[in-house]
Amino acid sequence: MYIGHYAAAAVILAVAPEAPVLPIAVAVAWPDIVWPALVFAGKESVHVDRDDPLQSRVKFTSYPYSHSLVLGSVISLVPALLAGAIYQSVFVGALFWIGVLSHWLLDAVVHLRDLPVLGWGSDDRRVGLGLWARPRLAFALEYTFFAVTVLLVAPQTMFVGLLGGGLLLHLFNINSFFGFTKKNPVGTPKRFATLALVGYIFAIIWFMMSWR
Ligand SMILES: [Zn+2]
(Lines give C-alpha, C1' and ligand atoms only; values in the text may rest on other atoms or scores of the structure.)
Protein backbone atom coordinates (compact mmCIF):
# COMPACT_ATOMS: atom_id res chain seq x y z
CA MET A 1 0.00 0.00 0.00
CA TYR A 2 1.18 3.47 -0.79
CA ILE A 3 -1.17 6.44 -0.80
CA GLY A 4 -3.62 4.66 1.50
CA HIS A 5 -1.17 5.06 4.38
CA TYR A 6 -1.80 8.80 4.24
CA ALA A 7 -5.40 8.22 5.28
CA ALA A 8 -3.92 7.25 8.64
CA ALA A 9 -1.79 10.41 8.67
CA ALA A 10 -4.91 12.49 8.00
CA VAL A 11 -6.77 10.84 10.88
CA ILE A 12 -3.87 11.34 13.30
CA LEU A 13 -3.54 15.01 12.37
CA ALA A 14 -7.30 15.55 12.54
CA VAL A 15 -7.36 14.12 16.05
CA ALA A 16 -4.20 16.01 17.06
CA PRO A 17 -4.19 19.20 14.94
CA GLU A 18 -1.39 20.70 17.03
CA ALA A 19 1.00 17.90 16.07
CA PRO A 20 3.79 18.68 13.58
CA VAL A 21 3.11 17.25 10.12
CA LEU A 22 6.59 15.97 9.21
CA PRO A 23 6.96 13.20 11.82
CA ILE A 24 3.45 11.94 11.11
CA ALA A 25 4.06 11.93 7.34
CA VAL A 26 7.25 9.94 7.98
CA ALA A 27 5.73 7.61 10.61
CA VAL A 28 2.92 6.19 8.45
CA ALA A 29 5.53 5.33 5.80
CA TRP A 30 8.27 4.27 8.22
CA PRO A 31 8.29 0.50 7.53
CA ASP A 32 8.57 1.20 3.78
CA ILE A 33 11.32 3.77 4.39
CA VAL A 34 13.56 1.45 6.40
CA TRP A 35 12.71 -1.52 4.20
CA PRO A 36 14.77 -0.32 1.18
CA ALA A 37 17.78 0.23 3.45
CA LEU A 38 17.41 -3.29 4.86
CA VAL A 39 17.07 -4.76 1.36
CA PHE A 40 20.25 -2.96 0.30
CA ALA A 41 21.99 -4.21 3.45
CA GLY A 42 20.89 -7.77 2.67
CA LYS A 43 18.98 -8.04 5.96
CA GLU A 44 15.58 -8.35 4.30
CA SER A 45 14.71 -9.85 0.95
CA VAL A 46 12.17 -9.56 -1.81
CA HIS A 47 11.64 -11.37 -5.08
CA VAL A 48 10.48 -9.40 -8.09
CA ASP A 49 9.00 -11.25 -11.07
CA ARG A 50 10.71 -9.86 -14.16
CA ASP A 51 7.95 -11.20 -16.39
CA ASP A 52 5.02 -9.70 -14.51
CA PRO A 53 4.64 -6.14 -13.19
CA LEU A 54 1.71 -6.89 -10.88
CA GLN A 55 2.13 -6.05 -7.21
CA SER A 56 0.69 -9.44 -6.29
CA ARG A 57 3.65 -11.12 -8.04
CA VAL A 58 6.16 -9.46 -5.74
CA LYS A 59 7.20 -11.93 -3.08
CA PHE A 60 8.22 -10.40 0.22
CA THR A 61 10.28 -13.40 1.24
CA SER A 62 11.65 -11.94 4.46
CA TYR A 63 11.04 -8.60 6.16
CA PRO A 64 10.72 -9.18 9.91
CA TYR A 65 12.42 -5.97 11.06
CA SER A 66 10.43 -3.54 8.93
CA HIS A 67 7.11 -5.38 8.55
CA SER A 68 6.33 -7.58 11.54
CA LEU A 69 3.68 -6.57 14.03
CA VAL A 70 5.53 -7.31 17.25
CA LEU A 71 9.24 -6.95 16.46
CA GLY A 72 8.57 -4.07 14.03
CA SER A 73 6.55 -2.22 16.66
CA VAL A 74 9.28 -2.69 19.26
CA ILE A 75 11.99 -1.49 16.86
CA SER A 76 9.89 1.51 15.88
CA LEU A 77 10.15 2.72 19.48
CA VAL A 78 13.62 3.95 18.49
CA PRO A 79 12.50 6.45 15.80
CA ALA A 80 9.47 7.28 17.97
CA LEU A 81 11.76 8.20 20.88
CA LEU A 82 13.93 10.16 18.49
CA ALA A 83 10.91 12.07 17.18
CA GLY A 84 9.84 12.71 20.76
CA ALA A 85 13.31 14.04 21.57
CA ILE A 86 13.51 16.25 18.48
CA TYR A 87 10.12 17.82 19.15
CA GLN A 88 10.60 17.64 22.93
CA SER A 89 7.21 16.02 23.25
CA VAL A 90 6.22 12.58 24.49
CA PHE A 91 2.95 13.16 22.65
CA VAL A 92 4.70 13.50 19.27
CA GLY A 93 6.72 10.37 20.03
CA ALA A 94 3.53 8.45 20.85
CA LEU A 95 1.82 9.68 17.68
CA PHE A 96 4.85 8.59 15.66
CA TRP A 97 4.62 5.10 17.12
CA ILE A 98 0.87 4.93 16.39
CA GLY A 99 1.58 6.07 12.83
CA VAL A 100 4.04 3.21 12.35
CA LEU A 101 1.52 0.74 13.78
CA SER A 102 -1.12 1.97 11.34
CA HIS A 103 1.21 1.03 8.48
CA TRP A 104 1.21 -2.66 9.41
CA LEU A 105 -2.55 -2.72 9.98
CA LEU A 106 -3.29 -1.17 6.58
CA ASP A 107 -0.68 -3.32 4.83
CA ALA A 108 -2.46 -6.36 6.29
CA VAL A 109 -5.50 -5.55 4.15
CA VAL A 110 -3.66 -5.63 0.81
CA HIS A 111 -0.69 -7.95 1.27
CA LEU A 112 -0.90 -11.64 0.43
CA ARG A 113 -0.14 -13.75 3.51
CA ASP A 114 3.41 -12.53 3.94
CA LEU A 115 3.28 -10.11 6.89
CA PRO A 116 4.95 -11.70 9.92
CA VAL A 117 3.18 -11.34 13.25
CA LEU A 118 6.02 -11.90 15.73
CA GLY A 119 9.03 -11.29 13.47
CA TRP A 120 11.04 -14.27 14.71
CA GLY A 121 10.86 -18.06 14.75
CA SER A 122 10.43 -20.47 11.86
CA ASP A 123 6.77 -21.10 12.70
CA ASP A 124 5.87 -17.40 12.84
CA ARG A 125 2.41 -16.68 11.50
CA ARG A 126 2.16 -14.66 8.32
CA VAL A 127 -0.99 -12.73 7.63
CA GLY A 128 -2.59 -10.61 4.93
CA LEU A 129 -6.13 -10.38 3.58
CA GLY A 130 -4.77 -10.36 0.05
CA LEU A 131 -6.63 -7.53 -1.66
CA TRP A 132 -3.70 -7.30 -4.11
CA ALA A 133 -4.84 -10.61 -5.59
CA ARG A 134 -7.67 -8.55 -7.14
CA PRO A 135 -5.49 -5.75 -8.50
CA ARG A 136 -8.08 -3.55 -10.22
CA LEU A 137 -10.33 -3.60 -7.21
CA ALA A 138 -7.32 -2.93 -4.99
CA PHE A 139 -6.35 0.06 -7.12
CA ALA A 140 -9.85 1.55 -6.87
CA LEU A 141 -10.33 0.77 -3.20
CA GLU A 142 -6.99 2.15 -2.03
CA TYR A 143 -7.70 5.57 -3.49
CA THR A 144 -11.36 5.48 -2.45
CA PHE A 145 -10.36 4.67 1.10
CA PHE A 146 -7.85 7.52 1.10
CA ALA A 147 -10.27 10.01 -0.48
CA VAL A 148 -13.23 9.18 1.76
CA THR A 149 -11.04 9.46 4.85
CA VAL A 150 -9.74 12.86 3.70
CA LEU A 151 -13.28 14.07 2.99
CA LEU A 152 -14.35 12.97 6.44
CA VAL A 153 -11.50 14.29 8.56
CA ALA A 154 -9.48 16.95 6.70
CA PRO A 155 -10.30 20.66 6.63
CA GLN A 156 -12.05 21.63 3.39
CA THR A 157 -9.24 23.97 2.34
CA MET A 158 -6.93 20.95 2.00
CA PHE A 159 -9.21 18.88 -0.23
CA VAL A 160 -7.70 19.92 -3.58
CA GLY A 161 -4.07 19.38 -2.59
CA LEU A 162 -4.68 16.13 -0.78
CA LEU A 163 -7.09 14.54 -3.23
CA GLY A 164 -5.42 15.84 -6.40
CA GLY A 165 -1.84 15.17 -5.34
CA GLY A 166 -2.86 11.85 -3.84
CA LEU A 167 -4.46 10.78 -7.10
CA LEU A 168 -1.38 11.76 -9.06
CA LEU A 169 0.90 9.72 -6.79
CA HIS A 170 -1.52 6.79 -6.88
CA LEU A 171 -1.50 6.89 -10.69
CA PHE A 172 2.29 6.50 -10.72
CA ASN A 173 1.60 3.01 -9.36
CA ILE A 174 -0.99 2.08 -11.98
CA ASN A 175 1.16 -0.40 -13.89
CA SER A 176 1.58 -2.58 -10.84
CA PHE A 177 -2.22 -2.91 -10.61
CA PHE A 178 -3.21 -3.09 -14.28
CA GLY A 179 -0.11 -4.70 -15.77
CA PHE A 180 0.10 -2.59 -18.92
CA THR A 181 3.65 -3.75 -19.60
CA LYS A 182 4.40 -7.41 -20.16
CA LYS A 183 7.71 -7.23 -18.31
CA ASN A 184 8.29 -5.65 -14.95
CA PRO A 185 10.10 -2.36 -15.63
CA VAL A 186 11.47 -2.51 -12.08
CA GLY A 187 13.09 -5.88 -12.53
CA THR A 188 15.39 -6.23 -9.53
CA PRO A 189 14.91 -6.09 -5.75
CA LYS A 190 17.28 -3.14 -5.37
CA ARG A 191 15.54 -1.12 -8.07
CA PHE A 192 12.18 -1.98 -6.55
CA ALA A 193 13.42 -0.88 -3.11
CA THR A 194 14.85 2.34 -4.53
CA LEU A 195 11.56 3.13 -6.25
CA ALA A 196 9.69 2.62 -2.97
CA LEU A 197 12.01 5.04 -1.21
CA VAL A 198 11.73 7.68 -3.94
CA GLY A 199 7.95 7.25 -3.94
CA TYR A 200 7.76 7.97 -0.23
CA ILE A 201 10.05 10.98 -0.44
CA PHE A 202 7.61 12.44 -2.95
CA ALA A 203 4.67 11.43 -0.76
CA ILE A 204 6.15 13.10 2.32
CA ILE A 205 6.82 16.33 0.39
CA TRP A 206 3.30 16.28 -1.10
CA PHE A 207 1.67 15.63 2.27
CA MET A 208 3.71 18.36 3.98
CA MET A 209 2.69 20.85 1.30
CA SER A 210 -0.96 19.80 1.36
CA TRP A 211 -1.65 19.53 5.08
CA ARG A 212 -1.49 23.13 6.23
ZN1 LIG B 1 4.63 -1.56 3.86
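**Close-up 1. Salt bridges around aspartate 49 and arginine 57.** At 15% relative accessibility, aspartate 49 counts as buried in this predicted model. Its salt-bridge partner is arginine 57, with the closest N and O atoms 2.9 Å apart. Arginine 57, at 36% relative accessibility, is classed as partly exposed. The side chain of arginine 57 also meets that of aspartate 52 in a salt bridge, at 3.8 Å from N to O. Through these shared partners, Asp49, Asp52 and Arg57 are joined into one network. A search of the whole structure finds three salt bridges.

**Close-up 2. The salt bridge between aspartate 51 and lysine 183.** The side chains of these two residues meet at 2.6 Å, N to O. Aspartate 51 belongs to the loop between β1 (45-47) and β2 (59-62), and lysine 183 to the loop between α10 (175-178) and α11, so the pair ties together parts that are 132 residues apart in sequence. Lysine 183 is exposed, its relative accessible area being 54%.

**Close-up 3. Serine 66 in helix α4.** Serine 66 lies in α4, which spans residues 64-67, and is buried, with a relative accessible area of 6%. Its side chain makes polar contacts with the side chain of glutamate 44 at 2.7 Å and with the side chain of histidine 67 at 2.8 Å. Leaving aside neighbours within four places in sequence, serine 66 is in contact with Pro31, Val34, Trp35, Leu38 and Glu44. Leucine 38, located in helix α3, touches Lys43, Glu44, Tyr65 and Ser66 when residues up to four places away in sequence are not counted. The C-alpha atoms of leucine 38 and tyrosine 65 are separated by 8.4 Å, although the two residues are 27 residues apart along the chain.

**Close-up 4. Histidine 67 and its surroundings.** Histidine 67 is likewise found in helix α4 and counts as buried at 2% relative accessibility. Besides the polar contact with serine 66, the side chain of histidine 67 makes a polar contact with the side chain of histidine 103, at 3.4 Å. Not counting residues up to four places away in sequence, histidine 67 touches Pro31, Asp32, Trp35, His103, Trp104, Asp107, Leu115 and Pro116.

**Close-up 5. The largest nonpolar core.** This core has 63 residues, and those with the most contacts inside it are Tyr6, Trp35, Phe146, Leu162, Trp206, Phe207 and Trp211. The elements giving two or more residues to this core are α1 (5-15), α2 (21-27), α3 (30-40), α6, α7 (90-110), α8 (135-153), α9 (159-172) and α11 (189-210). The largest share, eight residues, comes from α11. Phenylalanine 146 is in contact with Ile3, Gly4, Tyr6, Ala7, Leu162, Leu163, Gly166 and Trp206, leaving aside its neighbours within four places in sequence.

**Close-up 6. Helix α1 and its packing.** Eight of the eleven residues of α1 are buried, so this helix is largely enclosed by the rest of the structure. The buried residues are His5, Tyr6, Ala7, Ala8, Ala9, Ala10, Ile12 and Leu13. They pack against α2, α3, α7, α8 and α11.

Close-up 7. Val70, Val74, Leu77, Leu81, Leu118 and Trp120 make a nonpolar surface patch of about 550 Å². Helices α5 (70-75) and α6 (77-86) each supply at least two of its residues. Valine 70, in helix α5, is partly exposed, with a relative accessible area of 31%.

Technical notes: Residues numbered from 1 in each chain as written. Predicted model: local features only at pLDDT ≥ 70, side-chain atom pairs only at ≥ 80, totals over all residues. Heavy atoms only, no water. Helix = DSSP H or I, 4+ residues; strand = E, 2+ residues; numbered from the N terminus. Buried < 20%, exposed > 50% of the residue type's maximum accessible area, 1.4 Å probe, protein only. Polar contact = N/O pair within 3.5 Å; in protein donor to acceptor, adjacent residues only side chain to side chain. Contact = heavy atoms within 4.5 Å. Patch = residues over 30% accessible without salt bridge, like charges linked within 9 Å, V, L, I, M, F, W, Y side chains within 5 Å. Areas by Shrake-Rupley, 256 points an atom, 1.4 Å probe, with all protein chains shown as cover. Salt bridge = Lys/Arg side-chain N within 4 Å of Asp/Glu carboxyl O. Core = buried A, V, L, I, M, F, W, Y, C linked by side-chain atoms within 4.5 Å.
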